[in-house]
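Thank you all for coming; I would like to walk you slowly through one protein model today. Please keep the picture in view while I talk, and look up each residue as I name it.

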Amino acid sequence: MSALVKRQFAGVDDQPMLRRRSEKQLLGAAEAGADQGGVVLYLSFLEAAGIPLSASLLISRLHHRFDSLDAVAALAGKGEVAPVRLPAAGRAARRRRTERTREARRLGTEFEDTIVEYFVPVPDRDEVLMLTFSTPLEPIADAMVELFDAVAGTLRWRSQNQESRG
């Protein structure tokens with residue numbers, strides 16, 4: 001995390017408190033993701049017209065057997081829940097919700113985070129892959145959700161035979 005923050009703040013020497021706060025936020029996000037069973041965390045530091053497009057993707061493995069996506073939707077709880085079909089990964093459940101996170105409250109942010117979760121049954125396993133996309137950019141949330149949907153649409157399963165061939 002220190003190297004990532006150092007890279008993001010390269011050439012900015014007059015913001016030591018912001019730098020420390022950013023590092024603390026990143027560490028907090030990584031720890032929260034690990035606590036939720038996360039196995040991979042992606043963070044976006046892209047910019048468009050000088051505006052940072054902050055977003056994250058946490059990939060978690062849920063060790064549950066689901067006989068139908070109705071069970072996944074029931075697990076999802078609040079928010080807009082719908083069954084979807086991902087082009088290469090097959091059936092899934094998608095939930096979109098907004099949440100004022102503990103981190104946002106602590107920082108005094110006025111916006112809610114937009115969160116889109118995909119629950120995707122793993123073929124031939126008693127397991128569900130959970131993709132959790134999040135952005136604090138409420139004013140452009142719909143555009144960010146379109147981006148999240150496009151990224152989720154790239155999920156593909158590979159068999160062990162395909163992996164061993166390269």
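**Strands, rings and charges**

Let me begin with strand β1 (residues 38-44), which pairs with β4 in the antiparallel sense over six bridges, where two strands are said to pair if DSSP finds at least two bridges between them. Within this pairing, Tyr42 stands opposite Leu57 in β4. On to the next partner: β4 and β8 also run antiparallel, and seven bridges join them, with Leu129 in β8 as the bridge partner of Arg61.

Before I go on, a word on what we are looking at. This is a predicted model, in which local features need pLDDT of at least 70 and side-chain atom pairs count only at pLDDT 80 or more, while totals for chains, interfaces and linings use all residues. Residues are numbered from 1 along each chain as its sequence is written, and side-chain values use heavy atoms, with hydrogens and water left out.

Now the overall layout. The secondary structure comes to six helices and eight strands, where helices (H or I, at least four residues) and strands (E, at least two) are DSSP runs, numbered from the N terminus. Read from the N terminus on, the elements run α-α-β-β-β-β-α-β-β-α-β-β-α-α. Of the 166 residues in the protein, 32% are buried, and here buried means under 20% relative accessible area, exposed means over 50%, and partly exposed lies in between (1.4 Å probe, protein chains only).

What is the size of the largest nonpolar core, and which residues have the most contacts inside it? It has 19 residues, and those with the most contacts inside it are Leu86, Tyr118, Val120, Leu129, Leu131, Phe133 and Leu155. The elements β4, β7, β8 and α5 each supply at least two residues of this core, and the largest share, four residues, comes from α5. Apart from it lies another core, of five residues, among them Leu62, Ala93, Val128 and Met130. By a nonpolar core I mean a set of buried Ala, Val, Leu, Ile, Met, Phe, Trp, Tyr and Cys residues joined through side-chain atoms within 4.5 Å. As a general point, in soluble globular proteins nonpolar side chains tend to be buried together.

Next, the aromatic rings. The structure holds two aromatic pairs. In one of them, the rings of Tyr118 and Phe133 have their centres 6.3 Å apart and their planes at 80°, so the pair is edge-to-face. This pair links distant parts of the chain, with Tyr118 in strand β7 and Phe133 in strand β8, 15 residues apart. The rings of Phe133 and Phe148 have their centres 5.0 Å apart and their planes at 20°, so that pair is stacked. Here the link runs from Phe133 in strand β8 to Phe148 in helix α5 (residues 141-152), again 15 residues apart. For the terms, rings of Phe, Tyr and Trp (its six-membered ring) pair if their centres lie within 6.5 Å, and planes under 30 degrees apart count as stacked, over 60 as edge-to-face and the rest as tilted. Tyr118, Phe133 and Phe148 form one aromatic cluster; Tyr118 is buried at a relative accessible area of 3%, Phe133 is buried at 3%, and Phe148 is buried at 3%.

My last topic is charge. A search of the whole structure finds seven salt bridges, a salt bridge being a side-chain nitrogen of Lys or Arg within 4 Å of a carboxyl oxygen of Asp or Glu. In one of these, Arg95 meets Glu117, with the closest N and O atoms 2.5 Å apart. Because Arg95 lies in strand β6 and Glu117 in strand β7, the pair ties together parts that are 22 residues apart in sequence. Arg95 is buried, at 9% relative accessibility, and Glu117 is buried too, with a relative accessible area of 2%.

Finally, where is Glu127 found? Glu127 sits in the loop between β7 (113-121) and β8 (128-135), and is buried, with a relative accessible area of 8%. Its salt-bridge partner is Arg125, the closest N and O atoms being 3.9 Å apart, and Arg125 counts as partly exposed at 47% relative accessibility.
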